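Take a look at the model first, then read on.

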Amino acid sequence: MPLRLVKRLARDWFLLGMLGAVLLAALFPAFGASGGPMHADVVADVGIFAVFLLHGLGLPAAQLRAGVVTWRVHVVVQAFTFVVFPLLWWLGDVLVGRWLPSDVSMGLLYLCAVPSTISSSVAMTGAARGNVPAAIFNASLSSLLGIVLTPLIIGLFASATGQSLSMGQAVLKLATLLLLPLALGQLLRPLVGGWFARYRPYTNTFDRVFILVLVYSSFCDSIASGLFSDYGAEVLGIAFVGAVLLLVTVLVLTTRTARALGFSKEDEIAVVFCGSKKTLASGVPMARLLFGANPALGLIVLPLMFYHQAQLLVCSLLAERYAKRPAGQPAA
């Protein structure tokens, strides 16, 4: 098992890219910090608009309609994404929040508030022989709901961390730089959808490279402000442990909930993979819009970065396990 995980990590250039972005931020924090030569705020706004325009072009409307019928699956997945996750954060905050740095606590809250991811949820559901139309519908719906629900959840729970979020300004930013390009992409899809499908691998690469740019600029602000030197290695351990505990807890809860409700194996797979995932692709741009040039932005996105890698590794192994079961056999 450890050898398989090491091989997966070795093949993941995006993980290496994130490590490289953090290293560059440590070496050259002034370049990417707010007000620096990179002009991070302008780059972020332009790039976020472009990324979500591409997301809008890629949303498969026909497959979304095909997935509507399994409404019980949708209710469970969205409830986990936007209700169970925040409640788990609240429970953890009640139990151990007083001992956590406030910025790390905000990062864990942000992790719990962001929507599900689209590409890996659908890919792993397909690899595990699950209900792919339901996965497409739920992952896409989650991304759309997150534009409104993510800032609402953070605003609702943020007072527990001693921090606040300007809701009106946050929703306006998300509508302008996320919802508008998504809608524009859907309108352009009938005209350029075929072209987009042919060049999809290149657009996916652009998506990931831009996330690395945002990771770099986010950590530049945190490192330039001395935030990491103030906390030390302890903050990395807390963020990592918190992210892994959330992943394990939600995987167990989604599996048991699907079985308790009598879902088919295919629907269970969709619930497990869509209900447990959190998006880094949308999460990092949204964090930039919600928290702006907050010096703690690097800490805020840190749990999400850890969670992203953990969910890819664990869920890919889980997908292989599901796929090996004979068709029609109940999941163990």
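In what follows, two residues meet, or are in contact, when they have heavy atoms within 4.5 Å of each other.

## The overall picture

Keep in mind that this is a predicted model. The protein has 16 helices and zero strands. It runs to 332 residues, and 53% of them count as buried.

## The core

The largest nonpolar core holds 88 residues, and the ones touching the most other members are Ile 48, Tyr 110, Ile 154, Leu 178, Phe 273, Leu 280 and Phe 291. Helix α16 (residues 297-323) supplies the largest share of this core, with 14 residues.

Setting aside residues up to four places away in sequence, Tyr 110 touches Thr 150, Ile 154, Gly 283, Met 286, Ala 287, Leu 290, Phe 291, Ile 300 and Leu 304.

## Helix α13 and α7

Two packed helices are described by the angle between their axes and the distance between the axes. For helix α7 (residues 102-113) and helix α13 (residues 234-260), the axes come within 10 Å and cross at roughly 25°. An angle under 35 degrees counts as roughly parallel, so α7 is roughly parallel to α13. The crossing of α7 past α13 is right-handed.

Which residues of α7 and α13 meet? From α7 come Val 104, Leu 108, Leu 111 and Cys 112, and on the α13 side they find Val 235, Ile 238, Ala 239, Gly 242, Ala 243 and Leu 246. Sorted by class, this contact has nine nonpolar residues, one polar and no charged.

## Helix α13 and α14

Next up is helix α14 (residues 265-276), whose axis comes within 9 Å of that of α13, with a crossing angle of roughly 150°. Since angles over 145 degrees count as roughly antiparallel, α13 is roughly antiparallel to α14. Here too α13 passes α14 in a right-handed crossing.

On the α13 side, Leu 247, Val 250, Leu 251, Thr 254, Thr 255, Ala 258 and Arg 259 take part, meeting Glu 268, Val 271, Val 272, Gly 275 and Ser 276 of α14. That contact splits into six nonpolar, four polar and two charged residues.

## Helix α13 and α6

Helix α6 (residues 71-96) also packs on α13: their axes come within 11 Å and cross at roughly 140°. That makes α6 oblique to α13. The crossing is right-handed.

Val 76, Phe 80, Val 84, Phe 85 and Leu 88 in α6 are in contact with Leu 246, Thr 249, Val 250, Leu 253, Thr 254 and Thr 257 in α13. Eight of the residues in this contact are nonpolar, three are polar and none is charged.

## Two partly exposed spots

Is Val 213 buried, exposed or partly exposed? Val 213 sits in helix α11 (residues 200-224) and counts as partly exposed, at 27% relative accessibility. Beyond its neighbours within four places in sequence, Val 213 is in contact with Met 38 and Val 43. Its C-alpha atom is 8.9 Å from that of Gly 32, 181 residues apart along the chain.

Pro 295 lies in the loop between α15 (280-291) and α16. With a relative accessible area of 40%, Pro 295 is partly exposed. The C-alpha atoms of Pro 295 and Ser 34 are separated by 9.1 Å, although these two residues are 261 residues apart along the chain.

Definitions and conventions. Residues are numbered from 1 along each chain as its sequence is written. This is a predicted model: local features need pLDDT of at least 70, side-chain atom pairs count only at pLDDT 80 or more; totals for chains, interfaces and linings use all residues. Side-chain values use heavy atoms; hydrogens and water are left out. A nonpolar core is a set of buried Ala, Val, Leu, Ile, Met, Phe, Trp, Tyr and Cys residues joined through side-chain atoms within 4.5 Å. Buried means under 20% relative accessible area, exposed over 50%, partly exposed in between (1.4 Å probe, protein chains only). Helices (H or I, at least four residues) and strands (E, at least two) are DSSP runs, numbered from the N terminus. Axes are lines fitted to C-alpha atoms, for helices over the stretch in contact, and angles run from 0 to 180 degrees between N-to-C directions. Angles under 35 degrees count as roughly parallel, over 145 as roughly antiparallel, 65 to 115 as roughly perpendicular and the rest as oblique. A crossing is left-handed if the near helix is turned anticlockwise from the far one by less than a right angle, and right-handed if clockwise. Ala, Val, Leu, Ile, Met, Phe, Trp, Tyr, Cys and Pro count as nonpolar, Asp, Glu, Lys and Arg as charged, and the others, Gly among them, as polar.
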